[in-house]
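Let's walk through this model together, going from domains to the chain contact and then to a pair of helices. Keep the structure open beside the text as you read.

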Amino acid sequence: MRGSKSLIDNIDWITVGLYLLLVLAGWLNIYAAVYNEEFESIFDTTQRYGKQLLWIGTAGIIATVILLIDERFFSTFGYFIYGFILSALVAVLLVGAATKGATSWFAIGGFKVQPSEFSKFATNLALAKYLSTLNIRMTDLKTKLTAVAIIGVPAILILLQNDTGSALVYGAFILVLFREGLSGNFLLIGLVSAFLFVITLIFQNDLYHFPFEIEITGGWMLIFVLAVLLSLVYYFNRKKKQVLLFVTVIFIASSGLVKSVDYVFNNILEPHQSKRINVMLGIESDPFGAGYNVNQSLIAIGSGGFFGKGYLKGTQTKYDFVPEQSTDFIFCTIGEEWGFIGSFVVITLFMALLLRILFLCSRQRSAFARIYGYGAAVIFFFHFTINIGMTIGLAPVIGIPLPFFSYGGSSLWAFTILLFVFIKMDADRLEVL
Amino acid sequence: MRQYESRRIIISAIFLIVGIIFLVRLFFVQVIDSQYKLDATNNVLRTIVKYPARGLIYDRNGTLLVYNEAAYDLMVVPKVIDEDFDTTGFCVLLEMTKDGFDERFNRAKNYSRYKASIFEKEISARSYAKIQEQLFNYPGFFVQTRTLRTYPKQTAAHMVGYVGEANPKIIEKDSYYKSGDYIGISGIEKHYEKVLRGKRGQEVQMVDVFNRPKGKFQDGAFDTTAVSGSNLKLTIDADLQSYGEKLMQNKKGSIVAIDPSTGEILTLISMPTYDPNLLVGRQRSKNYGKLSQDTLKPLFNRALMAAYPPGSTFKSINALIGLQEEVLTPSILYSCYRGYSFGGRKMGCHQHRSPVNLEFSIQISCNAYYCNVFRSIIDHYPTVEKGYNVWRTYVTNFGLGKKTGIDLPNELSGFVPKTDYYDRYYLKGKWHSTTILSLAIGQGELGFTPMQMANMVTAIANRGYYITPHIAKEINGQSITSFDSTIIRNETGIEAKYFNEVVEAMYKVVEKGTGTSAKIDSLQVCGKTGTVQNPHGDDHSTFIAFAPKDNPKIALSVYVENGYWGSRWAAPIAGLLIEQYLRDTITRPHIEKRMLEGNLIGTVPKITSNEGK
């Protein structure tokens, strides 16, 4: 039954096609971003676009190998792979090379490998394997704690590498847990906390003046407003059971959050991190400092207009006004040279890929494949959201790559593995009992 | 876990919402908001101004008076300077202190960290040669070439004027000028600004984030070349100008000399003067401050802007008016007993033979004679107003009391009162020819510039007319008279035959009258001395002259402030200048020596000899 004929029939070529389109578009845009008249050949391997072509070629080999491996390999060796990556993450902390303040690379000869890129795949594999175990229920506290541990350990190790951006990606797994039965309240609490966090940052430095020379800081003012709102909630629901307890717990929790934001912001986050968040929220304006990247990025994208300036004609990206343009800010090249049309196409391609994966998940018989698929989707989604969000000033500048677009071997390989393992699972779905 | 399948919808919705938010945001940023497109242009396009070379200025003989010398503005892009920058070495190279460096650097940084701005202005070619060799060691710094005016003859500062950077007020008024442009501020540089400035060019470059040029924008479709300014040939004789300035050293005053046949100005001297090179380049504001605070007012162009009463030199004009009005004939005699008495008062005069005829009256400068002449002009008419107006018309016909129309800025009109002035001052009907009798001897309210006086002499030399005086001779080799319609022949309304009487008398002044110190062997010099009463100090010495008597080649007026009698300073200086111009030699070195050594800026030696008035 397991002939190559049926494999070709069973592969979801739509997903593969979307992958190829994204990778090809990424390569062309890297060429545009680092375009240099002296090295005009797109195949010149001394330049980034030439190297990226090498990465793409090897990624193709990796994808083919994955498609030829037995699907059961991944479920069987899931924990092993996870364990291997965890030790790699520990090792990189001890012997890794530092780039831009983050110790996240192994330098092997001329190559540099970033284990944190691959740990997303490994964590997803381990999480899927754990949650697909028989008799596992998301409502159990033990299940929750174990899942959080599987996600949290690599996240903490990456945080220790000083690579906050990559660590934050692991937060996306909350959507997988939600899909597998985690109460929606956790999502809601997460959202409300984020909202309160932002609101607190905006108001924390304000002073409110009242008669009799009473001055109230923004933090206390927020707590006061919360108290009033929750009293109203209690008043209108006073006949229901346990409302008082519920309201009181919420009040204490949110007050605690509000008061701790100041502490977190000023004592836990690095100054450049708090500054980036402040700039994004519009609390600070610093167009030549922390806000420079975003400002120049917006100028590049905004100057593209509806139709764009044309391929290789983007002045802002070509003349280096946008920093990190072949990696984190690759979307600027798309926005400037291809205009709104190009942006629209890229976003639509990503949306199509994400929704296609969710669709494929629904037709999986095995929980393992389905959970893995969701994990892959939310990782892509998180990268997509933060990366494009930061280039258009909707997210703080967190240096994480745009899947398939950004220059870099490790990330391209890791995203390819992440996707093709799922494509392989999907291709073999009918063989699962 | 199939029971949670519906959560796929929620997760899909979250994906889609983010996608839609991004598209809305992108539509706003890329399609609706145009600010980013402007910012992008500002980022990447640099307009490099191509400054045209300003026109050169020559004297009438082709001697170069003003040319351009390259100067260099040192520019800096602050962002490129990092902590590895060798500040100490750079300060040594530029001969500046660390504080000076910090001050300039911070100024540039405050302007923009990414755009180039001027670090040090107008570095001379000599300093630049040294800096250039090492500049490559200091990334972030580069030079932009400018030109600065240079004055090799160091003469005629007031007339040539100076250029400076266009200030915001000028830029607002004239859209041609942009910040950093040079503009003529005074003198020729100002009046012929449009001729000299040329046409600015530009090159639109694309630059990268470090301001490194990356090529022409749209293959140079917006580029224009700079067109050099036109060259200007002046009517000035630079040698005569320098010689005049030398004779006038350590004195205050002015000399204006004109070629009567053409109205071309040969010299225009205002003393004390300054080296025009002082008002160029980096030292300009320092030097300007010094000059403007100098109590001798070296920046003040006395030739055009100082009004003095004409003094006795004006007697020639009154004689001419009297002759034309036929109230005077050359043979009429008036007696003078040390002055002219009227209504219980007396206008004094010095001791001389009496009675006096026209020729002798000019020759010895008799006050009483002109009181008689003036009164007979005014009182010849039924009312004093009418008589005065007739007199005034003749005076203004000599170019007095109004602008001569010289092609230089800030010319003073001078002053000849109108009747309403006296009506206000003395009340209408309460003034008579005797009230204003000081006009007879060129005193009183009259105020003329040395320029106007020289022009007046021109009219006498020409026996009845003058050509509008001008200082530009050719623009790019083309005669100024061919296109400047303001240069015309102006008639005085007095017949030539009357002039001959006065000219003969003026010849006698130099031959054997008050102006013998201007006498030159075998040259027929005509002149008239004057002593201008000065309420603020010692009287001013003045002399008007032209030569030769027939077909005059030069007419001039000389004012020497606080120089007492016209014969003491003004007449000898005029004589030396005439000889220098017409003969190119000096036959009376002892007079030249006395003039060169004369110092009137300190105390003036008391007059003891019987020099003429």
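Domain 1 of chain B and domain 2 of chain B bury about 2700 Å² between them, with carbon and sulfur atoms giving 57% of it; buried area here is the accessible area (1.4 Å probe) that two parts lose on being put together, summed over both. Arg60(B), His158(B) and Tyr162(B) supply 25% of the area that domain 1 of chain B buries against domain 2 of chain B, more than any other three residues. Arg60(B) also forms a salt bridge with Glu264(B), whose closest N and O atoms are 3.2 Å apart (a salt bridge is a side-chain nitrogen of Lys or Arg within 4 Å of a carboxyl oxygen of Asp or Glu). The count between these two domains is one salt bridge.

To place these domains on your screen, look for residues 47-234 as domain 1 of chain B and 246-288 + 301-597 as domain 2; the bounds come from an automatic or database domain assignment. Their C-alpha centres lie 45 Å apart. The contact, meaning heavy atoms within 4.5 Å, takes 30 residues from domain 1 of chain B and 29 residues from domain 2 of chain B.

A word on conventions: this is a predicted model, in which local features need pLDDT of at least 70 and side-chain atom pairs count only at pLDDT 80 or more, while totals for chains, interfaces and linings use all residues. Residues are numbered from 1 along each chain as its sequence is written, chains are lettered from A and ligands numbered from 1 in the order in which they are written, and side-chain values use heavy atoms, leaving out hydrogens and water.

Now turn to where the two chains meet. Chain B and chain A bury about 4100 Å² between them, 71% of it from carbon and sulfur atoms. Chain B brings 37 residues to the contact and chain A brings 52 residues. Between the chains the count is one salt bridge, and Arg179(A) and Glu5(B) meet in a salt bridge through their side chains (2.9 Å, N to O).

Chain A has its own division, into domain 1 (4-182 + 279-431) and domain 2 (193-268). The C-alpha centres of these two domains of chain A are 37 Å apart.

Finally, find helix α6 (residues 115-131) and helix α18 (residues 409-427) of chain A, which pack at an angle of about 25° with their axes 7 Å apart. α6(A) and α18(A) are therefore roughly parallel to each other, a label for angles under 35 degrees.

Terms used. Axes fitted to C-alpha atoms, helices over the stretch in contact; angles between N-to-C directions. Helix = DSSP H or I, 4+ residues; strand = E, 2+ residues; numbered from the N terminus. Parallel < 35°, antiparallel > 145°, perpendicular 65-115°, else oblique.
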